[in-house]
Amino acid sequence: MASKTININLKIWRQKNANSKGSMETYKLDNVSTDSSFLEMLDQLNEQLVNERQEPIAFDHDCREGICGMCSLYINGEAHGPDRAITTCQLHMRKFKDGETIYVEPWRAKAFPVIKDLVVDRSAFDRIQQAGGFVSVNTSGRTMDANAIPIGKAEADKAFEAATCIGCGACVASCVNASAMLFVSAKVSQLALLPQGQVEAHQRVLNMVKQMDEEGFGNCTNTGACAVECPKEISLENIARMNREYFRAMVTAE
Amino acid sequence: MSILDSKIPEGHISQKWTDYKDHLRLVAPNNRPKIDIIVVGTGLAGASAAASLGEMGYNVKAFCFQDSPRRAHSIAAQGGINAAKNYQNDGDSVYRLFYDTIKGGDYRAREANVHRLAEVSGNIIDQCVAQGVPFAREYGGLLDNRSFGGTQVQRTFYAAGQTGQQLLLGAYSALSRQIGLGNVQMYNRHEMLDLVKVDGKARGIIARNLITGEIERHSAHAVIIASGGYGNVYFLSTNAMGSNVTAAWKAHKRGAYFANPCYVQIHPTCIPVHGTNQSKLTLMSESLRNSGRIWVPKKKEDAEAIRAGQLKPTQIAEEDRDYYLERRYPAFGNLVPRDVASRAAKERCDAGFGIEANETQEGVYLDFSSEIISKGKQAAYAAGNHNPSDEEVIALGKKWVESKYGNLFQMYEKITDENPYETPMKIYPAVHYTMGGVWVDYNLQSTIPGCFVAGEANFSDHGANRLGASALMQGLADGYFVLPYTVSDYLAGDIRTGKISIDSPEFLEAENNVKEMISKFMNNNGSRTVDHFHKRLGHIMWNKVGMARNAQGLTEAIAEIAALREEFYKDVFVPGDANELNPELEKALRVADFMELGQLMARDALQRNESCGGHFREEYQDAEGETLRDDENFKFAGAWEYAGMDINQSILHKEELKYEFIKIAARNYK
Ligand SMILES: Cc1cc2nc3c(=O)[nH]c(=O)nc-3n(C[C@H](O)[C@H](O)[C@H](O)COP(=O)(O)OP(=O)(O)OC[C@H]3O[C@@H](n4cnc5c(N)ncnc54)[C@H](O)[C@@H]3O)c2cc1C
Ligand code: SF4
Ligand code: FES
């Protein structure tokens, strides 16, 4: 690892709370190790701010290894920053140049209101899952043996790929319409691809789409920006599958 | 000394749980909606408990500090989950899983609990598949398995390197369903800061709304704590940044005994530390030891040359590599249990063979080149190519490795900027899991009536060392298949109690307690950040209460932490306002509890004059550096009673462990 340090300038969105107006503020940070992650760089900035008796910048994070979906950040105009197939917590400072100015903003979408600084409210995603993102099976343990229904490897793998969505919201933040289609279609696809989920597939897609619309997410116009920024490379195929599921459900509902 | 009542039922080990369950009291469906249950935590243990109890018709309130229950730290588990299904027909059984777990825990776990865990393990897999969890499958459509350390069978179910994610999303979907149906009320971005006891029973919690800062009172007939492990007492660990001991510790301060705090699992395969600004360590799943071989150079000169950047690992000839696990433990090889593998890595690095060019020079290789070639050959043959070129073999082998471990390899490359398909991974042990936790009886009830503890937060099933892929199993077993029975039995006594008032003096006292602590931090006006103190605490813990411990170091640690704690309260600075989102305040409240815990861990390690599992006392080892247990004097779970801020006053109680069904023996992986 060729470790070195760089000095950077930061323009970061500060907003006291949901009701106040925010603005971009400028910070200078020296001696950032290129082996640091982007969030470790923000830790370093916060340490500096606290030592200067200023309020640190609030941002969401937890696992710091790309799986919990808690971190967000719009960095230099891209959700999760310039690298591909990663979350912000997996972005490393070696992707930036000495002297560079880095712009950091929260996710911007009507359905994701800002709580403070870079922290937004993504509970709309939870409500969509509560509307139908499950198989209605009780947790008795008295189901059938796990190997009772063989599932073709190809289908199982596709279901798994859809299921790797971490619920981060980058797809919404990257979309000009702030559409949540990629996120919703990932869950709909996962369950529609598995025999266990097929039983209530129609009701599920109708309920989830209804909730998605009520939360104020925009319509999908197939720009594909979501899939480009998605840290888990969730495929646009899922949106196509969800559309098919939705139309089939509409037809049978009538 | 008091005798802790573990409430282990009578009977043969294989019948205990079945018979016991049949005689537990029930709460009739019409009475359940009148009963409130609080669940703190939405990891595998908490989400499964909340979903199951909600489904039964109880009124459940669930809490987590993240912005969604789906983000609990269980999401990060990589490698897999064990179950005694014997789908691979390699001789597995409930008894073997039970036996492996007791042995893996170095004979320091309770037989009855572990057997129950093995019994319900199969149901977990059935349940998860029914929920749509996409486990890995073979071409025939059936479930695939892999091996984990400390076993000689293939019983680990997995979903690439994201097993925890898939299981948690399964539990989250069950929980979401109950939230949608109105049976569970979810409180995201809430942190439990105290437990409320009324007439000696757990009757509620005090929680802080992390967005508004409001201090809230929540009452219930029973409280379940499933708040995860306390590895972050070391500052650097594989745990998520927010993982903490606070919920469990507050229960401890209110009277729940805390057992075996010194049992910490140091995981052998993590990415080594890179610098002082590092915030956490990243695990490379144990499943990689199925395919990777661990080595360091045989010659010290080679290790030095590698550290100096003059040699590459790929330039070291086969005969100059020391595959030290295969050398020392031929029967289990690279798949020895974690504690054994970690100590062996430390031994090599202490002896000067470490390969990482950082301050500590600590690191060993995890090498996939043999596996790439063998799997590549297999793939070529399977495709009918019986005379493949080396390039073809390597390309096919890499493809196979990618299909098994792709996300882990990608994670490694992003962090280190090195390509593990081409050059071996560098790894080193790091704090990972805590076997200790709140003491619970067979019902998973703590010494406070009505306060149940599940998942990593309790001390229950793993003794002095946990086997890989068994924490996920335990979390779901506790939540889906144990608590619904035992909590109902307890609540059967509460059907006439009626709603618990939040206006009692007990709630007021607990709320004031929390408010006082917060205002102390907000008005402290010290000069140093919370992280400053947390890092110093971590430093003491890692050096003196870490992978190898001795009486002198532990005694020093106790005094050093006491001094650090005093300094912390005098000099910590918490900026901002208490009535808004304030991450620095959240951290300060957690670090305050870590300080007390750290001292207790050192005391516990000091009283345990033996080596067992993850607890290695340098004074107690044999000529080959293996652990020396002392069954005559230490075959007990050490449960500590809180006796005030001065941890030196905490009182040790002992639960003698009885081995009726397994013959206790020296642990041998050779
Ligand atoms: C990187 C990594 C990989 C792992 N891989 C494996 C594996 O392959 N197989 C395996 O079996 N095990 C593995 N483990 C271990 C396993 O993941 C954990 O032990 C297990 O998931 C813990 O589950 P839990 O439900 O007890 O707690 P957690 O999942 O940690 O959940 C804790 C919950 O409590 C909440 N909480 C905590 N404190 C408070 C508070 N004060 N107030 C309110 N809420 C609170 C949190 O919000 C969270 O919802 C791994 C662990 C790590 C760190
Ligand atoms: S689809 Fe991709 S971008 Fe959208 S929430 Fe899921 S992981 Fe994030
Ligand atoms: S912090 Fe968990 S995905 Fe980034």
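A salt bridge here is a side-chain nitrogen of Lys or Arg within 4 Å of a carboxyl oxygen of Asp or Glu. The model is predicted: local features need pLDDT of at least 70, side-chain atom pairs count only at pLDDT 80 or more, and totals for chains, interfaces and linings use all residues. Residues are numbered from 1 along each chain as its sequence is written, chains are lettered from A and ligands numbered from 1 in the order in which they are written, and side-chain values use heavy atoms, with hydrogens and water left out.

**View 1. B:Lys670 and B:Glu624 form a salt bridge in chain B.** The closest N and O atoms are 2.3 Å apart. B:Lys670 sits in the segment after strand S19 (651-656), and B:Glu624 in the loop between H16 and helix H17 (631-634), so the pair ties together parts 46 residues apart in sequence. Helices (H or I, at least four residues) and strands (E, at least two) are DSSP runs, numbered from the N terminus. B:Lys670 is partly exposed at 38% relative accessibility. B:Glu624 is exposed at 55%. The cut-offs: buried is under 20% relative accessible area, exposed is over 50%, and partly exposed lies in between (1.4 Å probe, protein chains only).

**View 2. B:Glu596 pairs with B:Lys253 in a salt bridge.** The closest N and O atoms are 3.3 Å apart. The pair links distant parts of the chain: B:Glu596 belongs to helix H16 (residues 583-607) and B:Lys253 to helix H6 (residues 246-253), 343 residues apart. B:Glu596 is buried, with a relative accessible area of 1%. B:Lys253 is partly exposed at 32%.

View 3. B:Lys587 is partly exposed, with a relative accessible area of 26%. B:Glu584 is buried at 8% relative accessibility.

**View 4. Salt bridges link residues of chain B in a network.** Its members are B:Asp106, B:Arg108, B:Asp339, B:Arg343, B:Arg608, B:Glu610, B:Arg629, B:Asp631 and B:Arg667. A search of the whole structure finds 75 salt bridges over all chains.

**View 5. Chain B meets chain A.** The contact (heavy atoms within 4.5 Å) takes 81 residues from chain B and 74 residues from chain A. The two chains bury about 6500 Å² between them, 50% of it on carbon and sulfur atoms. Buried area is the accessible area (1.4 Å probe) that two parts lose on being put together, summed over both. Eight salt bridges are counted between chain B and chain A. In the salt bridge of B:Glu580 with A:Lys16, N and O are 2.7 Å apart.

**View 6. Residues of chain A surround ligand 2.** The shell holds 13 residues, each with a heavy atom within 4 Å of the molecule. The closest are A:Cys165, A:Cys168, A:Gly169, A:Cys171 and A:Cys230. Helix H4 (170-174) and helix H5 (181-192) of chain A each give two or more residues to this shell. By class, the shell has 11 nonpolar residues, two polar and no charged. Nonpolar covers Ala, Val, Leu, Ile, Met, Phe, Trp, Tyr, Cys and Pro; charged covers Asp, Glu, Lys and Arg; the others, Gly among them, count as polar.
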